[in-house]
Amino acid sequence: MIEFINAGKTYPNGVVGLKNITLTIEQGEFVAIIGLSGAGKSTLIRTVNRMHDATSGKVIVDGIDVNTLKGKELRKFRRKIGMIFQSFNLVTRATVINNVLTSDIPDMPWYRTLFGIFTKEQKMKALKALDKVGILDKAYTRCDQLSGGQQQRVALARTLNQNPSIILADEPVASLDPIMADVVMDDFKRINKEMNITIIINIHHVDLALKYANRVIGIRSGEIVYDGKSEDVNQDVLDKIYAGKEVPEMVKEVVYG
Ligand code: ADP
């Protein structure tokens with residue numbers, strides 16, 4: 001369970017990223033965070049794994065106040081939380097399976113890391129993760145031979161390989177074409193259902209947010225202006241989140257028909 005209790009984030013330059021956020025996300029939820037560019041979506045998800053520190057209030061994950069974690073404890077905590085980025089962050093000259101295996105490195109003795117020695121069990125686990133996202137046949141292909149969508153599936157498999165209980169995804173489909181975006185969102189949905197992993201996606205495609213997430217959180221200027229079921233998002237809700245500002249092209253047709 002993730003709890004924000006009056007959590008806020010002010011950046012060192014004085015910019016306020018989040019104000020007084022209070023919310024609870026239960027294990028196994030699929031939540032989409034929507035809002036204009038600069039609304040605070042990234043800041044919100046990055047305070048969950050302490051990529052950013054909340055500067056006021058508390059963020060509590062599975063009973064642990066994340067601001068109290070340091071060093072080894074913080075690293076251990078972060079292993080439970082997968083992170084997916086828009087830009088995949090793969091070693092593109094390496095094979096798919098080697099990219100997936102990199103998520104085992106923090107738990108390995110230094111000499112095995114140095115020589116890249118992975119056990120049969122580790123390889124089997126990595127192949128299983130690739131199977132989960134439908135690209136087992138690409139295991140020994142170099143990542144730079146894959147499409148953007150396939151690369152994002154490798155990133156997802158790498159995250160699954162660390163057995164996370166939560167996956168945070170920051171604009172995971174923003175650079176993909178609509179067909180691949182749907183395929184990758186389907187992967188998230190399947191992982192969420194079959195493995196009960198909490199998924200929190202920061203996304204500006206409102207249509208995809210409504211199609212795949214069970215819960216939508218709309219933020220504007222660092223504050224929550226909507227928190228409810230996807231099916232209850234209507235024109236009034238979208239107006240609260242977007243109206244009066246320049247709306248990104250991708251959401252225009254959803255907001256204004
Ligand atoms: P979104 O993800 O919705 O586009 P962000 O969370 O990235 O929004 O940003 C929220 C606000 O915080 C914006 O005003 C942004 O300019 C500011 N911000 C984000 N990161 C930093 C940073 N590292 N330093 C200063 N201000 C930042």
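## The sheet

In what order do the strands of the open sheet of 6 strands run? The order is β6-β7-β8-β3-β9-β10, and the pairing is mixed. The model is a predicted one. At the edges sit β6 (81-85) and β10 (223-229), each pairing on one side only. Direction ignored, neighbouring strands of the sheet are turned by 15° against each other on average.

Take the β6 end. There, β6 pairs with β7 (residues 166-170) in the parallel sense, over 5 bridges.

Helix α9 covers residues 235-242. It lies across β3 (30-34), β9 (215-220) and β10. The angle between α9 and β9 is about 35°.

## The cavity

How many cavities of 30 Å³ or more are there? The count comes to 1. The volume of the largest cavity is about 40 Å³.

Which residues line the largest cavity? They are Phe 4, Leu 23, Ile 25, Ile 33, Leu 44, Ile 45, Val 48, Ile 200 and Ile 217. Two elements, β2 (16-25) and α1 (41-46), each supply at least two residues of this lining. By class, the lining has 9 nonpolar residues, with no polar and no charged ones.

Notes:
Residues are numbered from 1 along each chain as its sequence is written. This is a predicted model: local features need pLDDT of at least 70, side-chain atom pairs count only at pLDDT 80 or more; totals for chains, interfaces and linings use all residues. Side-chain values use heavy atoms; hydrogens and water are left out. Two strands pair if DSSP finds at least two bridges between them. Helices (H or I, at least four residues) and strands (E, at least two) are DSSP runs, numbered from the N terminus. Axes are lines fitted to C-alpha atoms, for helices over the stretch in contact, and angles run from 0 to 180 degrees between N-to-C directions. Contact means heavy atoms within 4.5 Å. On a 1 Å grid over the protein atoms alone, a cavity is a set of points where a 1.4 Å probe fits but cannot get out, and a pocket is an open set with protein on both sides within 12 Å along at least five of seven lines; lining residues have an atom within 4 Å of a point. Grid points are joined across faces, edges and corners, and a volume is the space filled by probe spheres set on the points. Ala, Val, Leu, Ile, Met, Phe, Trp, Tyr, Cys and Pro count as nonpolar, Asp, Glu, Lys and Arg as charged, and the others, Gly among them, as polar.
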